[in-house]
Amino acid sequence: MKLRYGIIGTGMIAEHQARALGYVEDAEVTAVLSRSNLRSRDFAEKFDCRACTEMSEFLTEVDAVSICTPAGLHLESALPAIEAEKHLMVEKPLEISLKRGMQIVEAAEKKNLKLGGIFQSRFYESSRVIKNALEEERFGRLIMGDAYVKWFRSQEYYDRTEWKGSFEYDGGGTLMNQAIHAVDLLQWFMGQVRTVQSRCSILGHSGIEVEDTAAAVLEFDTGALGVIEGSTAVYPGFLKRIEISGTRGSAVLEEEELKTWSFESERPEDPEIRERCGVQSGSGGGASDPGAISILGHRLQFEDFTRAVLEDGEPFIGGIESLKSVAIIEAIYESGKSGRMVPVERL
């Protein structure tokens with residue numbers, strides 16, 4: 001049996017997902033939904049599925065729905081899909097606020113449906129290696145955890161659609177849309193962020209409502225400190241970078257490449273880890289081109305979600321888990337407005 005996916009949206013990330021699903025043995029794309037008849041037909045022809053412009057038609061003959069619309073419209077698509085008892089995968093962020101995101105989580109729970117949020121970076125081997133070492137306490141006491149996402153987006157990137165750069169549809173700027181993958185990885189590695197203090201600015205673009213540059217200082221529950229830096233105004237754009245630093249070891253992850261893997265107590269497997277995970281992906285990571293990302297992470301996450309549905313298990317990244325980065329970013333935005341230190345809501 002193959003799990004039948006319907007995709008809502010026909011943009012770049014929808015095509016990216018469709019390509020990834022093409023490599024998932026137990027899944028297939030059977031329908032696409034767009035308000036544009038032309039766009040839905042073009043997408044359907046490319047991926048050999050039904051073209052739909054009405055939700056009621058789209059929801060027939062699908063088992064799971066993947067939402068690839070602008071983030072501020074996720075709730076609008078999620079609720080009817082859940083009402084029709086379809087399992088749900090949602091591109092990051094789950095929604096543009098915790099309040100709206102929790103509506104999706106609670107609706108799916110009431111119907112006993114599987115809900116997943118796309119954070120494909122957790123599925124790369126290098127990310128799993130760091131997580132395992134953290135669970136084994138190889139880093140000693142955690143001292144700092146930092147995330148840097150210094151990307152470049154042209155003015156035309158924001159100008160070519162009405163919704164990009166708006167609070168209504170994007171919910172925020174570089175943090176909510178670009179750096180959120182790094183924010184998610186950082187909190188997955190380091191644990192709960194207790195407080196944030198930040199500044200958010202528009203420095204490199206015009207005509208947008210949301211920040212294109214932000215910097216935040218973090219305090220984690222462990223007492224460790226850290227920073228999040230995000231921008232879409234830094235030319236030419238650099239790969240996202242996560243740094244984990246402790247009293248007995250440190251690791252630096254640049255996109256999927258493990259740049260540093262150093263511990264006070266070396267283990268026999270460490271040279272192999274450095275060799276295996278220290279290879280550049282060559283994808284560009286979306287640093288200057290939003291389309292320059294690998295489908296591997298999405299494929300692995302869809303394999304996990306498909307297995308969870310078919311075997312009645314739990315997806316590796318469920319609804320609550322996918323909202324933790326939103327909680328951090330909301331606190332950063334609040335601090336940026338008030339100038340105060342702000343606690344991060346616990347989920």
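**Loops, helix pairs and cores**

Pro93 sits in the loop that runs between strand E5 (87-90) and H5. Helices here are DSSP runs of H or I with at least four residues, strands are DSSP runs of E with at least two, and both are numbered from the N terminus. The model is a predicted one, in which local features need pLDDT of at least 70 and side-chain atom pairs count only at pLDDT 80 or more, while totals for chains, interfaces and linings use all residues. Residues are numbered from 1 along each chain as its sequence is written, and side-chain values use heavy atoms, leaving out hydrogens and water.

Another cis bond links Tyr235 to Pro236, with omega near 5°, and Pro236 belongs to the loop between strand E10 (225-231) and E11.

Some loop residues have a positive phi. Asp48 isn't a glycine, yet its phi is near 55°; this residue lies between helix H2 (37-47) and strand E3 (50-52). With 70% relative accessibility, Asp48 counts as exposed (exposed means over 50% relative accessible area, buried under 20%, and partly exposed in between, using a 1.4 Å probe and protein chains only). Asp312 also shows a positive phi, of about 55°, in the loop between helix H12 (296-310) and helix H13 (319-338), and is exposed at 61% relative accessibility.

Lys164 turns up in the loop between helix H7 (155-159) and helix H8 (167-170). Is Lys164 buried or exposed? Lys164 has a relative accessible area of 18%, so it is buried. Setting aside neighbours within four places in sequence, Lys164 is in contact (heavy atoms within 4.5 Å) with Tyr157, Tyr158 and Asp170. Its side chain makes a polar contact with that of Tyr157, at 3.4 Å. A polar contact is a pair of N or O atoms within 3.5 Å; within protein, one must be able to donate a hydrogen and the other to accept it, and residues adjacent in sequence count only if both atoms are side-chain atoms.

On to the helix pairs. Helix H4 (residues 74-83) and helix H5 (residues 98-110) cross at roughly 10°, their axes coming within 10 Å. Axes are lines fitted to C-alpha atoms, for helices over the stretch in contact, and angles run from 0 to 180 degrees between N-to-C directions. H4 and H5 are therefore roughly parallel (under 35 degrees; over 145 is roughly antiparallel, 65 to 115 roughly perpendicular and the rest oblique). His74, Leu75, Ala78, Leu79 and Ile82 of H4 meet Arg100, Gln103, Ile104, Ala107 and Ala108 of H5.

Helix H6 (residues 125-135) packs on helix H10 (residues 180-190) at about 25°, with the axes 9 Å apart, which makes H6 roughly parallel to H10. Buried residues of H6 include Ile130 and Leu134. An α-helix has 3.6 residues a turn, so residues three or four places apart point the same way.

Which residues touch the most other members of the largest nonpolar core? Leu88, Ile130 and Ile244 do, out of 74 residues. Such a core is a set of buried Ala, Val, Leu, Ile, Met, Phe, Trp, Tyr and Cys residues joined through side-chain atoms within 4.5 Å. Apart from this core lies another, of 22 residues, including Ala14 and Phe47.
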